[in-house]
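I opened this model to look at helix packing, domains and chain contacts. My entries follow.

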Amino acid sequence: MPQYAVELLDVVKRFPNPGGGEITAVDHVTLRILHGEFFSLLGPSGCGKTTTLRMIAGFEWPTSGEVRIKGQVMGRIPPYLRPANTVFQSYALFQHMSVAQNVAFGLEMEHVPKAEIDHRVGEALDMVQLSGLGKRMPRQLSGGQQQRVALARALVKRPAVLLLDEPLGALDLKLRKEMQLELKALQEQVGITFIYVTHDQGEALTMSDRIAVMSKGKALQIGAPVEVYERPNCRFVADFIGETNFLSGRVISLEGDQAVVYVEQLKKEVVGLRQGELRNGQDAVVSIRPEKIRLAENAPLNLNCFPAKIVTSAYIGSDTRLIVELGNGLRMNVWEQNKISTLEPSVYYLDGQERWVVLFPENTLILPME
Amino acid sequence: MQDKINQRTDYRAPFLLRRLQEDPRSQGMALISPTFFYLIVFMILPLVLVVILSLLTRGPYGNVVYRLNLQNYSRLMDSLYLRILWYSLEVAALTSVFTILIGYPLAYYIARAPRNQRSLLLFLILVPFWTNFIIRIYAWIMILRTQGLLNTLLLNLGIIKIPLEMLYTPTAVLIGMVYEFLPFMVLPLYTSLEKIENAQMEAAADLGARPWQVFLRVTFPLSIPGMIAGSILVFIPAMGMFVVPDLMGGAKTILVGNLIRNQFLTARDWPFGSAASMLLLVLTLVVTLLYTRKAGFGEELLV
């Protein structure tokens, strides 16, 4: 058995631009996706994630580079000969066929015997909890049910890889949350490799084993959810996934896994973990997540502590969300978990209070400017 | 202020207006009355006139004598007329079939063309129809006649030795009819083909269908409503067509349309012409109903 379910090796895809010239949709992307992995392509619209998926499905051919499925070079093999099936964003159910006929379609194309088709269609519909709806027409189903039919139709073929193009995009928030967990459970149950395209970082973090964060055709970072969240390798990834505070500055020293940045606005140095390619004297950003900032009455360290004033504080139940000003108009978002249950007013923050903002170096990242 | 409100409640609209304000049924009646009026004047009334006329008798000088008479209908049962009727059905059906065969690839091509070219291509289909129908039929006569364009070309190329007789044949009539009715097939077909999402065809390919299977299993079934609509739009007027057989069919080809026209204008037998019209109407209705029942209703017709 080859090592990877899907490999993209230095894949480039260019489209002719109607206005002349070319658009590079996918720019030298290399991905190696393991068997049984739930792999997400995450990025804003136009980042090339759907084009990447379509090259795996066979709807597009790479301008250069290579796509392999189960070690086999795909080249110009058409979609109908590839061991990959797609769940489309619009579901693309056949409107003139019943639910059962939709699900049976792929098996009929493989000339599976009639009795086995019936059996497998029933199984697939059971799996997506649509038993008994086989005779319905797609337009008689709700959006969530149509989504399940699309899933059953692709899974019934038992593909090596299932490609999902924003399959939950058209569902409302509550249903989407339910389906996220269900999809993940389903993927673990069938053990098929899922490649999942989404622009929703929460969705990607919830479901994925690994995520490739894409922007402008490039895969900027590939890693487990905890890696891309806790150790983003560039400003874009830190910004796109979760919330973060940025301070711009210049690298003044590098030592071990740490870097020191001089932040002009604070007229002070900030120490943090170095990420990505950094050189002395280079412009860099300090990145720290709001939940990782500590507010204190006295400075606990002799570095990375800055006097600040609370601008606003909002109590939202689980958290208190604050905006603090460090002087020079420099503001930061701070989230504090309400770990103690109390009605005592002095425990909560008041606007205008003065506090020290503490950026623990191990929670602070120094990233290249771009 | 209070006075004004009191005045309001004192006011009572005239009877009819009051009914219109209070009774939803009257409101409905009022709303459909323009359509109702239109149908009465332009459809029901003329139809009733034709029905009455078909039951009267032709006078000796081609006038209409007001005497009840069912012979017009029994005369239609004559094998001569039945044969004409059958032949008209055949020609109209063949016209529908050929407009599908020619129109389908055309509509498919236009529907799959880049979006910005589609309206231009549709426009090109319609451009010839800005010219008068009769003139276009004469153009076909120029092409098909014995010393016409086609024969000259074939003779000069040495493909044939003696000119082919193409004009004044049933084939010529069919060519003329297909030409005339092609856009009525292409437009509804285009509408239904254009509506098919690209993702549906991609999904079929993704599930293992080869291009021809994608067409047979997905594209074609989804275009059937357009085909039904187009067939109805072609079949109904083709059943009554008389200009094309007159000009291109010579004396040999007579369709029910010619028969009716001749009864009114040449034989001056209005009652018999009306009876033939009624038969044509019923026949067309029956065929159309059977067809739509069989193949599902052509919703495209309503768009």
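I started with the crossing of H9(B) and H11(B): H9(B) passes H11(B) in a right-handed crossing. I call a crossing left-handed if the near helix is turned anticlockwise from the far one by less than a right angle, and right-handed if clockwise. Helices here are DSSP runs (H or I, at least four residues), as are strands (E, at least two), numbered from the N terminus.

The model is predicted: local features need pLDDT of at least 70, side-chain atom pairs count only at pLDDT 80 or more, and totals for chains, interfaces and linings use all residues. Residues are numbered from 1 along each chain as its sequence is written, while chains are lettered from A and ligands numbered from 1 in the order in which they are written.

I looked up the geometry next. H9(B) covers residues 170-195, and it packs against H11(B) at an angle of about 155°, with the axes 8 Å apart. Axes are lines fitted to C-alpha atoms, for helices over the stretch in contact, and angles run from 0 to 180 degrees between N-to-C directions. H9(B) and H11(B) are therefore roughly antiparallel. The cut-offs: under 35 degrees is roughly parallel, over 145 roughly antiparallel, 65 to 115 roughly perpendicular, and the rest oblique.

Which residues meet? On H9(B) I noted, among them, B:Phe181, B:Phe184 and B:Leu189; on H11(B) the partners include B:Leu222, B:Met227 and B:Leu233. Contact means C-beta atoms, placed from the backbone, within 7 Å. By class the residues of this contact are 15 nonpolar, five polar and no charged. Nonpolar means Ala, Val, Leu, Ile, Met, Phe, Trp, Tyr, Cys and Pro; charged means Asp, Glu, Lys and Arg; the others, Gly among them, are polar.

I turned to the other partner of H9(B). H7(B), residues 133-144, packs on H9(B) at about 140°, axes 11 Å apart. That makes H7(B) oblique to H9(B). This crossing is right-handed, with H7(B) passing H9(B). H7(B) brings B:Phe133, B:Ile137, B:Trp140 and B:Leu144, and H9(B) brings B:Ala172, B:Ile175, B:Gly176, B:Tyr179 and B:Glu180. I count these as seven nonpolar, one polar and one charged.

Then I took chain B as a whole. Chain B has 14 helices and two strands. Its radius of gyration is 27 Å, well over the 19 Å that the globule rule gives for 303 residues, so chain B is more spread out than a compact globule. The radius is taken over C-alpha atoms, and the rule is 2.2 Å times the number of residues to the power 0.38. The C-alpha trace of chain B spans about 100 × 75 × 35 Å along its principal axes. Chain B divides into domain 1 (2-38) and domain 2 (75-302); their C-alpha centres lie 50 Å apart. Domain bounds come from an automatic or database domain assignment.

What does chain B present to chain A? I found 15 residues of chain B in contact with 19 residues of chain A. H10(B) (198-206) and H11(B) (211-240) each supply at least two residues of the chain B side. H10(B) gives the most, with six residues. The chain B side has eight nonpolar, three polar and four charged residues.

Last, I checked chain A. Its domain 1 is 4-235 and its domain 2 is 243-368. Five residues from each of these chain A domains make the contact.

How values were computed:
Two residues are in contact if their C-beta atoms, placed from the backbone, lie within 7 Å.
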